Amino acid sequence: MVSVLRNVAIDCADAYELARFWSRVTGRPLGPGDGPGDREVAVVLAEGPVLYFSQVPEPKTVKNRVHLCLRPETSREEEVERLLGLGATMVSDLRNPDGSGWAVLADPNTRDYQFCAA
């Protein structure tokens, strides 16, 4: 027997707002019935596990050990600009002129969760 990955759980200060950001990033809906003020909110991806945001009272204290790597459907540069337009901030730009590398970004609400566009 094996286990199947059900969701990726992300602790955060404002579950609804962070889930709304990731909904816009992925173009996927929030979970049925999820709304403002909810302490647990999901983003239902087309494939793979659900992104599950859980509101917690304590602030982040150490470096993240999990981050989300994105593969854009457009060019990497276009996607980085779109994400910045949604409110993400650039943490580290590791893109190379030859097209290799990636950009590390942080979400707009908590600046806690880093993700990369490769």
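The accessible surface of the protein is about 7500 Å² in this predicted model. Carbon and sulfur atoms hold 53% of that area. Of the 118 residues, 34% count as buried. The C-alpha atoms occupy a box of roughly 45 × 35 × 30 Å along the principal axes.

Two helices and seven strands make up the secondary structure. Their order from the N terminus is β-α-β-β-β-α-β-β-β. The radius of gyration is 15 Å, close to the 13 Å given by the globule rule for 118 residues, so the protein is as compact as a globular protein of that length. Among contacts with a separation of 6 or more, 44% join residues 24 or more positions apart.

The largest nonpolar core contains 21 residues. Within this core, W22, F53, L83 and F115 touch the most other members. Two or more residues each come from β1 (7-12), α1 (15-26), β2 (40-43), β3 (50-55), β4 (68-70), α2 (76-85) and β6 (103-106). Helix α1 supplies the largest share, seven residues. Beyond its neighbours within four places in sequence, F115 is in contact with F21, W22, L68, L70, L83, A88, A103, V104, L105, A106 and D107.

The disulfide count is zero. C12 counts as buried, at 3% relative accessibility. C69 counts as exposed, at 56% relative accessibility.

Note on methods. Residues numbered from 1 in each chain as written. Predicted model: local features only at pLDDT ≥ 70, side-chain atom pairs only at ≥ 80, totals over all residues. Heavy atoms only, no water. Core = buried A, V, L, I, M, F, W, Y, C linked by side-chain atoms within 4.5 Å. Buried < 20%, exposed > 50% of the residue type's maximum accessible area, 1.4 Å probe, protein only. Helix = DSSP H or I, 4+ residues; strand = E, 2+ residues; numbered from the N terminus. Contact = heavy atoms within 4.5 Å. Disulfide = S-S within 2.5 Å. Rg over C-alpha atoms; globule rule 2.2 N^0.38 Å. Areas by Shrake-Rupley, 256 points an atom, 1.4 Å probe, with all protein chains shown as cover.
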